[in-house]
Amino acid sequence: MKVLLVDDHPLILTALQTVMRGLGDDVTVVSAASAADARRELADAKDFDLVLLDLALGDADGFDVLAEMRQKHPALPVVVISASDRASDVIRAIDLGAMGFVPKRASNETLFDALRLVMSGGIYVPPIHLGSEPPPPKGGDTVPDVMRVATPLDVPIGGHAAAAGYQTMRSLDQIGLTPRQTEVLAKLLQGKPNKIIARELNLSVETVKDHVAAVLRALGVSSRTQAVIAVGQMTRDGGLGGWRGR
């Protein structure tokens, strides 16, 4: 496995290199101290299996770099490693196509588990709560649109607590999706829009919209990004690889 680490803090890079080598002798780690370095590495080598990306880079906004990587290298999974664990940052990263979000305060074991899950086809997200952050300043609104849902405070996305408007999250085998809805959810988790899903499954766009709505209801969420996060937390231990293959 070949991994690209993108972080402009030398001590963090060294620590992450050490952690990554703990995954096995066959892991090759390449470091990039800036967004520009990362672009050069990805342009020169096409054999990377994973990118670990810090959001706080000196020469670029980490979210912009994430969006750029997902556009130019759609098959390359990107896991965000961030000092932030704000719910809005987690949701924004997943919304932009990150396959995982690991706070830097997480343990090495958590990072190992997250990377194994992502490499097996899953999505890793830390426990987050909607509505648990302070409101934005009056001068501007920095909360992504996906956060604007009618939910009670402190309701875990993908957690096990049920509260007004949110059902208890259950395993994927228990949420009662039809085979076609399961296929639609698999495409949704890959970030594909309705038109592409319709084309690949030979369905009409209206039928896909109906299936997406049914999936969101089954998961007890209100948006695609929340569905990704809910599935990621429900399958954190087992991954999505086997489920996607059904």
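pLDDT is the predictor's confidence in each residue, from 0 to 100. This is a predicted model, where local features need pLDDT of at least 70, side-chain atom pairs count only at pLDDT 80 or more, and totals for chains, interfaces and linings use all residues. Residues are numbered from 1 along each chain as its sequence is written, and side-chain values use heavy atoms, with hydrogens and water left out.

**Confidence**
- The protein chain has a mean pLDDT of 75, and 76% of its residues reach 70 or more.
- Over residues 130-170, pLDDT stays under 50. The model has 73 contacts (heavy atoms within 4.5 Å) beyond four places in sequence for this stretch.
- Where pLDDT is low, the predicted coordinates should not be read in detail.

**Sheet**
- Helices (H or I, at least four residues) and strands (E, at least two) are DSSP runs, numbered from the N terminus.
- Five strands form an open sheet in the order β2-β1-β3-β4-β5, with parallel pairing. Two strands pair if DSSP finds at least two bridges between them.
- β2 and β5 (100-103) stand at the edges with a single partner strand each, so one side of each lacks a neighbour in the sheet.
- From one strand to the next, the twist averages 20 degrees. Axes are lines fitted to C-alpha atoms, for helices over the stretch in contact, and angles run from 0 to 180 degrees between N-to-C directions.
- β1 (residues 2-6) pairs with β2 (residues 28-32) in the parallel sense over five bridges. Leucine 4 has valine 30 in β2 as its bridge partner.
- On β3 (residues 50-54), four bridges join the strand to β1, again parallel. Here valine 6 stands opposite leucine 53.

**Crossover**
- β1, helix α1 (residues 10-21) and β2 make a right-handed β-α-β unit. Right-handed means that, with the strands pointing away from the viewer, the path from the first strand over the helix to the second runs clockwise.
- α1 lies across β1, β2 and β3, running at about 165 degrees to β2.

- α8 (residues 205-219) has 15 residues and reaches 21 Å from first to last C-alpha, close to the 21 Å expected (1.5 Å times one less than its number of residues).
- Its buried residues (under 20% relative accessible area, 1.4 Å probe, protein chains only) include Val208, His211, Val212 and Leu219.
- Alanine 230 is in α9 (residues 224-234). Alanine 230 counts as buried because its relative accessibility is 0%.
- The C-alpha atoms of alanine 230 and glycine 220 are separated by 8.9 Å.

Conventions
Buried means under 20% relative accessible area, exposed over 50%, partly exposed in between (1.4 Å probe, protein chains only).
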